[in-house]
Amino acid sequence: MKRKPRILVAGSFVMDQIASTEVFPGEGETVLGRSFQKAPGGKGANQAVQAARLGAEVTMFGKLGRDANGEEMLETCRKAGIHTEDVLFDPVLASGCSVIILEEKPGESTKNRIIVISGSNMSITKTEAESLRDKIRNYDLLMLQLEIPMEINEYLAEMAFENGVPVMLNSAPSAPLSDSLLSHLAFISPNEHEAEDLTGIPIRREGDHVNLEDARTAAEALREKGVQNVLITLGSGGAVLLGPDGFVHSPCVEGITAVDPTAAGDSFVGAFCVGTCCGWTNQELLQFANHTAALTVSAMGAMPSLPSLEKVERFMAQKNILLPDISVLK
């Protein structure tokens with residue numbers, strides 16, 4: 001590819017409201033927190049921003065409310081270089097938002113619990129999505145997630161498939177998927193828990209050690225449903241990819257203390273999709289995505305923590321990891 005990858009992201013906008021505490025409150029319990037902040041997020045917008053910061057040419061399709069949160073999220077996307085002419089506005093519903101509780105214990109990696117209020121994200125209609133039909137063939141990849149209506153994901157996946165555009169579905173948050181949707185996917189990227197929900201196959205682990213045969217079996221089950229390539233993220237166990245070229249495992253980046261894991265999966269998927277459009281090998285894809293996500297968890301907030309291409313390049317060089325050819329992204 002001699003030009004920047006062109007990626008269309010159809011997904012959610014969510015304003016994250018983040019409270020940190022040393023102890024998660026139990027039922028009926030009140031605890032004193034350590035800090036509070038707001039940060040633009042949402043799986044769709046996060047992945048779009050990550051892809052744009054890594055050098056891709058990105059267009060975002062989604063829906064905001066006409067409110068201050070919506071204006072802030074739209075401006076953040078524009079500053080990242082994302083094309084926002086296909087962003088819609090709901091005249092009644094508020095923009096999506098979330099409540100994130102971070103448990104920060106000294107000397108331990110941060111854990112999180114998240115509640116998402118969908119708001120305007122769930123009011124996208126097929127009529128509105130139809131506006132993409134004449135444009136979709138101009139993209140190298142369509143990225144989807146499950147924070148917008150399922151019927152819109154199915155509609156856009158079929159539209160892209162009919163036009164020869166590969167589709168990546170980040171199947172989060174977990175939900176049942178139709179055989180029709182699965183058959184239109186070039187890539188699916190569940191985490192280990194979502195993979196179990198989709199296949200009924202648990203991926204066993206002992207601490208950071210993941211049973212890779214379980215991961216392979218779950219990936220094979222999804223391939224049998226028509227998905228061409230299955231990418232399963234395993235947290236501290238790294239990630240695996242199964243496709244026509246075989247099965248690859250890439251371990252997690254060592255020596256990273258998680259400050260805020262909120263957007264790690266979105267960062268990983270965004271980086272993976274950029275590399276896919278550049279035609280990198282499976283091992284290059286996973287290493288690049290793992291190192292991008294490692295930088296993300298080491299900083300606070302969703303969008304604010306998503307690294308630039310230059311940061312990922314320096315980070316991988318410091319660890320003596322051979323970089324793929326990123327010249328087209330610069």
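Predicted model: local features only at pLDDT ≥ 70, side-chain atom pairs only at ≥ 80, totals over all residues.

Reader: Which residues of helix α6 are buried?

Author: An α-helix has 3.6 residues a turn, so residues three or four places apart point the same way. In α6 (residues 192–199), the buried residues are E192, E194, A195 and L198. They lie on the same side of α6 because the arc they cover around the axis is only 160 degrees.

Reader: What covers the buried residues of α6?

Author: The covering elements include β10 (187–188), β11 (205–206), α7 (212–224) and β13 (229–233).

Reader: What is found at the start of α6, and which residue follows α6?

Author: At the start, a side-chain oxygen of N191 comes to within 3.0 Å of the backbone nitrogen of H193. G200 follows α6 and has a positive phi, near 80 degrees.

Reader: How many salt bridges does the count give?

Author: Side chains of opposite charge can pair when their charged atoms come close. Here the count is 12 salt bridges. One of them joins R3 to D140, with the closest N and O atoms 2.8 Å apart. R3 lies in the segment before β1 (6–10) and D140 in the loop between α3 (126–129) and β8 (141–144), so this pair ties together parts 137 residues apart in sequence.

Reader: Is D140 buried or exposed?

Author: D140 is buried, at 18% relative accessible area, whereas R3 is partly exposed, at 33%.

Reader: Which residues are linked in a network of salt bridges?

Author: E130, R133 and E162 form such a network. Within the pair R133 and E130, the closest N and O atoms are 2.7 Å apart.

Conventions: Residues numbered from 1 in each chain as written. Heavy atoms only, no water. Buried < 20%, exposed > 50% of the residue type's maximum accessible area, 1.4 Å probe, protein only. Helix = DSSP H or I, 4+ residues; strand = E, 2+ residues; numbered from the N terminus. Arc of directions from axis to C-beta. Contact = heavy atoms within 4.5 Å. Polar contact = N/O pair within 3.5 Å; in protein donor to acceptor, adjacent residues only side chain to side chain. Salt bridge = Lys/Arg side-chain N within 4 Å of Asp/Glu carboxyl O.
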